[in-house]
Structure formats: structure tokens, C-alpha cells
Amino acid sequence: VFLYAFLPLTLAVYALAPQRGRNAVLLIASLLFYAFGEPVYVLLLLLSSVSNWALSLCIERRRGTRTAKLALAVSVLLNLGLLGFFKYADFFLTTVNGLFGLSLPLTGVRLPLGISFYTFQTMSYTIDVYLGQARAQKNLVQFGAYVAMFPQLVAGPIVRYTDVAPQLQSRTHTVQDAALGARRFVLGLGKKVLLANVLYELVTVYQQSGQKTVLLTWMYAGAYMLHVYFDFSGYSDMAIGLGRIMGFRFAENFNYPFISGSLTEFWRRWHISLSTWFREYVYIPLGGNRKGLGRQLLNIAIVWFLTGLWHGASWNFIAWGLYYFVLLTIEKTFLLKYLKKGKVWPHLYTLFFVVLGWGLFTANQPGAPLGLLLQKLFVPQGGISAVYSLRNYGVLLALGCVCSSALPRRLWDKISRNTVAKLLVFTLLLVLCVCYVVAATNATALYANF
């Protein structure tokens, strides 16, 4: 429906519209896109957009007064309130019930698509207006197009208003940009349907297996790590590509994280937009590294607690965030200087702890509880199922490892020198993607769940 109906119709209307009307086309298309998945919660998206737009105008007009501070406070409370109610209310009630033996009724509300992304975008916008880092957008259509922009609405990346404000006002459209955007979109689609979805088959095999051997467990851990990477980076590639077609330049969200030689470097390369958001709007306002080592470590702990909580309303996500806080603290206090001197072992160390981290991340999923996972990773146990899985998925895992490196980019740079070869590779990739999309059932973007 998206590839053969929504997208071509939207791009056709967008191309035919006058320059001044393209933001309106983008806004209407984005609302229709969102309503396709969330027919009721589109009203929540509109509420968030209109309220933050109005509050930002108040902040700018009354800058330096208590009214501006009050408007900012209302904006932050509104955004956090929406996120808190829809994402964390039942988690809080369940925790209270468990601690005190109560039976408070749960709300039962569903998590609205993309709420973790668009509330962060609107909140950062009003904060930037208050700090004088951005001018308040007086045109509601332009601001609405920024918040609801369908390429990145459902699963990111988080786009700061200051990065796209000039492009909302005026942007150029060229055939070259459209070609580069289409290529990036198909590349992301390939990551999602040819790699992420197929890798998830191995994840499912493990969760349903009665013989969770050491080999199969390590294959599962590697497959899940690669599945998350290709799913999310694929979605980011598609968002960046679609944005490029329509004249927008979104920042990169991944930069080959698995080549990292430390966990510190890994988190500079993974989900860059989220890390940047927490650095700019939590870590630095708390004092960053300006108030001594003890305060810096406290600030890092707060950031990683919130990072874990952002990913989901479950204790395993909080544990996952604090897990990285401990490891990054160890690196920051003494280990990082030794990692910088190493060649091979820092990369192995990084991958090992990243894999263990995904064990924490998935601890609330059926078929792979954390205790069982840790036991099966390190306690030898035989089983014929692992041999079958290795035969069926070993090549796929190896392909995933290769594709997560910079090698495919280097090969593409060589292929791109020949126009015919470039066109053939692009066409083949597109055809394969379409075949897999047709055969797929309900493989949504992973980060739409967060």
C-alpha cells in the first residue's frame, strides 16, 4: 500500500504543487499516513503540534518574563505528561500493585505510534525557542509539517527543529537529490526486509526451541543484535532517503557502530539522534562534566536511566540503561586509555558486552528470559538443533556481519563508477525487496514499539 499507492501519489501531488504549497501537501499526507495506523491518536498528534506551536509563540513574545517561563513549563509538562500517561501509566500502576499488594485497575491504553519521537521533537523545539536558539515558527502549517513529517514520524530519527527550519522555509529540489534519496530509501528497505526480517526468523527459532544450546544461544544473541541494527538503521535510511527526495537533509543516525573499539565509541555511532538529544537537553543542563567527576557520573547515571526508560515501560529496559552506565563509567575512569592502545581486543570486548546488553534488552520477551540466556551462553550443552540452525542461518549471520561493516559502501563506490552496473544493482535490489515485501505478513518497524 505504501510503495505502490501512498508514496507515488504523494510524490506526484508534491511535485505538481507550487513551492509555497508543498508544506501543506506534506502535512496532509503525513496526517493521512498516521491516521492509516492510528485513526484516533492522530488527534493526539494534532494536539501536541498545535499546543507547542502556540506556547512557543507565547515564549518568544514574552521572552525574559515569568510568562515565558510558565509557557515553557506548560510545554514540558504537557509533552512529558502525554508520554508518561500513554507509555508509563500501566507500568507505574503494575509496580505499585506489586510492591504494596494492591489491585489498582490499569488504564489499558495503547501506545500511540511515534509518541516517543514526536514529543521529544516538540519539547526540544520549545526549549530552543526559550533559550533563543530558534525563532518561533509563526506558520502552523510549516510547524505541523515538521512534527508530523511521515518519513521519520513513526520510528525516527529524532530531527531537531533548528536543523530543518531553513528547509521548511525554502528548499531546492533536484533530479540528483531525488536519485540519491531513492537509492538511500531502497538501501534502507533492503536492510529491513532482506536482512532484519530474515534474521528475526532465527530469533523466533531460538525462542521456540526446546534445545537452547550454547551455540544456538550465541547465534540467537548475534542474530538479535544484527536484527535490531538492520531494522532501525534501515528505517533511518528510508527516512533520510525520503526526506532527500523532498528537499530535506536529515542527519545520520548510525555510523557503523560494530567497528567500535569501545562502548564509548559505540554509543557515539548508534542511534546518534537520541544520544545527541539526551546530551543537549539532559546531560549538559545538569552540568555535564563541569562540576567535578562525582557530579559528572551522577549526570551520566541519570541520562542512562532515562535512556533505558525511554525504550520501554519495563524494568529490563531500565536495567539495560544502568548496565551501560556501569560499563561506560569503568571506561571513563580508567579503561578507555588502555582500549585506545589496543588493536583487536578492544573490538572483541565491545562486541561481547554489546551482545550481553541485548540479552538484558530482550529479558521481558517470551522464550528468552535473562537468567536462561546467561546460563546458556556460558554453560556447555550439546544439541542437534544448533547444527541445523547453523546450516540454515550461518550464511545469513556471516552476511549480516559483512553488511554491518563499511565493506558494502566501498564496493558500492566502485560499482557507482559504472552507470550500467549501478543501475543493474539498484534494480535487482529493488526487485528483491518487493518480492520479500509481498511475501511478508506483518513485519512492522521495530522501533515503532518504543
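**Entry 1: the pocket**

I began with the classes of residue that line the largest pocket, and I counted 27 nonpolar, 6 polar and 9 charged residues there; in this scheme Ala, Val, Leu, Ile, Met, Phe, Trp, Tyr, Cys and Pro are nonpolar, Asp, Glu, Lys and Arg are charged, and the others, Gly among them, are polar. I note that this is a predicted model, in which local features need pLDDT of at least 70 and side-chain atom pairs count only at pLDDT 80 or more, while totals for chains, interfaces and linings use all residues. Residues are numbered from 1 along each chain as its sequence is written, and side-chain values use heavy atoms, with hydrogens and water left out.

I then looked up the volume of the largest pocket, which is about 1400 Å³. A pocket is an open set of points on a 1 Å grid over the protein atoms alone, where a 1.4 Å probe fits and protein lies on both sides within 12 Å along at least five of seven lines, and lining residues have an atom within 4 Å of a point. The points are joined across faces, edges and corners, and the volume is the space filled by probe spheres set on them.

Which residues lie nearest the centre of the largest pocket? I found Leu187, Lys191, Pro408, Arg409 and Trp412 there, out of 42 lining residues. The elements that give two or more residues to this lining are helices H9 (175-208), H10 (214-245), H17 (384-403), H18 (407-415) and H19 (419-439), and the largest share, 9 residues, comes from H9. Helices here are DSSP runs of H or I with at least four residues, numbered from the N terminus.

**Entry 2: salt bridges**

I turned next to charged pairs, and the structure holds 14 salt bridges, each being a side-chain nitrogen of Lys or Arg within 4 Å of a carboxyl oxygen of Asp or Glu. Side chains of opposite charge can pair when their charged atoms come close.

Arg409, already noted by the pocket centre, meets Asp413 in a salt bridge of 3.6 Å, N to O. Because they are 4 residues apart in helix H18, Asp413 and Arg409 are separated by about one helical turn. Asp413 counts as partly exposed because its relative accessibility is 39%, where buried means under 20% relative accessible area, exposed means over 50%, and partly exposed lies in between (1.4 Å probe, protein chains only).

The side chains of Arg135 and Glu60 also meet in a salt bridge, at 3.2 Å, N to O. This pair links distant parts of the chain, since Arg135 is in the loop between helix H5 (115-131) and helix H6 (140-148), whereas Glu60 is in helix H3 (residues 42-61), 75 residues apart. I wrote down that Arg135 is exposed, with a relative accessible area of 61%, but that Glu60 is buried at 15% relative accessibility. Glu60 and Arg135 are linked with Arg63 and Lys138 in a network of salt bridges.

A further salt bridge joins Arg160 to Asp128, with the closest N and O atoms 3.3 Å apart. It links distant parts of the chain too, with Arg160 in the loop between helix H7 (150-153) and helix H8 (161-169) and Asp128 in helix H5, 32 residues apart. Are these two residues buried or exposed? I found that Arg160 and Asp128 are both buried.

**Entry 3: the nonpolar patch**

**Entry 4: loops and positive phi**

Tyr256 lies in the loop between H10 and H11 and has a phi near 45 degrees, a positive value in a residue other than glycine; at 24% relative accessibility, Tyr256 counts as partly exposed. His271 also has a positive phi, of about 45 degrees, although it is not a glycine. His271 is found in the loop between H11 and helix H12 (272-283), and it is buried, with a relative accessible area of 1%.

Ser260, in the loop between H10 and helix H11 (263-269), is buried at 1% relative accessibility. I noted that Ser260 and Pro346 are 86 residues apart in sequence and 8.1 Å apart in space, C-alpha to C-alpha.
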